[in-house]
Amino acid sequence: MSATATAGKGIKQELPPKGGYGPIQIERIKLRSIFGAKSTFAFLIASTCAGMYAYHLTFKQIRREEIEMRSARFAIWPLLLAERDRIILKQMRRNRDEEAELMKNVERWEVGTYYGEPIYFLDDADQYRDPTFFEHFAHTDPKIYMDRVARHLFT
C-alpha cells in the first residue's frame with residue numbers, strides 16, 4: 001500500500017487532552033484510617049478478654065476429659081496386666097511343650113533344665129521369673145522373631 005492510500009482513511013493521532021495534562025502528584029496522600037488509635041486499642045482489649053474467656057471454657061472441658069481418661073486408664077490397667085501375664089504364661093507353656101516334643105528322644109533330658117542342671121537358681125521352686133525376650137520367642141520362625149524385635153525396639 002502506498003502512503004496516499006492510508007492517509008485518506010482518516011487516521012487519528014493521539015494527542016494530549018484539551019487544556020493539557022493535570023499536575024503530577026508528588027505529595028504524600030495520607031490513607032484514610034478506618035479505626036482510630038482508641039478504637040483499635042479497645043478492640044484489642046475486647047478480643048483478648050473474649051479469647052481468654054473462650055480459652056477458660058475450653059480448658060475446663062479438656063481438664064474434665066483428661067481426668068476421665070486417667071480414671072479409665074487406672075481402672076483398666078490391672079486387666080491389661082493380667083491379660084499380658086496370661087498370654088506370657090500360655091506362650092511359656094507352648095515353649096515347654098515344644099521343648100518336650102523336640103527333646104523326647106534325647107536321654108537324660110529334663111524339660112526346663114540342661115541335662116538335669118537347673119538353668120535358673122531361684123529362691124523357691126514355685127518362684128516365677130519373667131522370661132527374656134529371646135526365651136519368649138525361642139521356638140518361633142526367625143522372620144517373625146525379627147519382626148517382633150523391630151517392633152519391640154522401635155515402639
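Trainee: Which residues does UniProt list for "transmembrane region"?

Mentor: The unreviewed UniProt entry lists residues 41–59, and such annotations may be inferred rather than shown by experiment. Please keep in mind that this is a predicted model, in which local features need pLDDT of at least 70, side-chain atom pairs count only at pLDDT 80 or more, and totals for chains, interfaces and linings use all residues. Residues are numbered from 1 along each chain as its sequence is written, and side-chain values use heavy atoms, with hydrogens and water left out.

Trainee: What makes N95 buried?

Mentor: Buried means under 20% relative accessible area, with a 1.4 Å probe and protein chains only; N95 has 8%, and is therefore called buried.

Trainee: What does the side chain of N95 reach?

Mentor: The side chain of N95 reaches the backbone oxygen of E135 at 3.0 Å. Leaving aside neighbours within four places in sequence, N95 is in contact (heavy atoms within 4.5 Å) with E135, H136, A138 and H139.

Trainee: Where does N95 sit in the chain?

Mentor: N95 is placed in helix 2, residues 37–102, a helix being a DSSP run of H or I with at least four residues, numbered from the N terminus.

Trainee: What share of residues 41–59 is helix?

Mentor: Over residues 41–59 the chain is 100% helix and 0% strand (a DSSP run of E, at least two residues), and the end C-alpha atoms lie 26 Å apart.

Key: Buried < 20%, exposed > 50% of the residue type's maximum accessible area, 1.4 Å probe, protein only. Polar contact = N/O pair within 3.5 Å; in protein donor to acceptor, adjacent residues only side chain to side chain.
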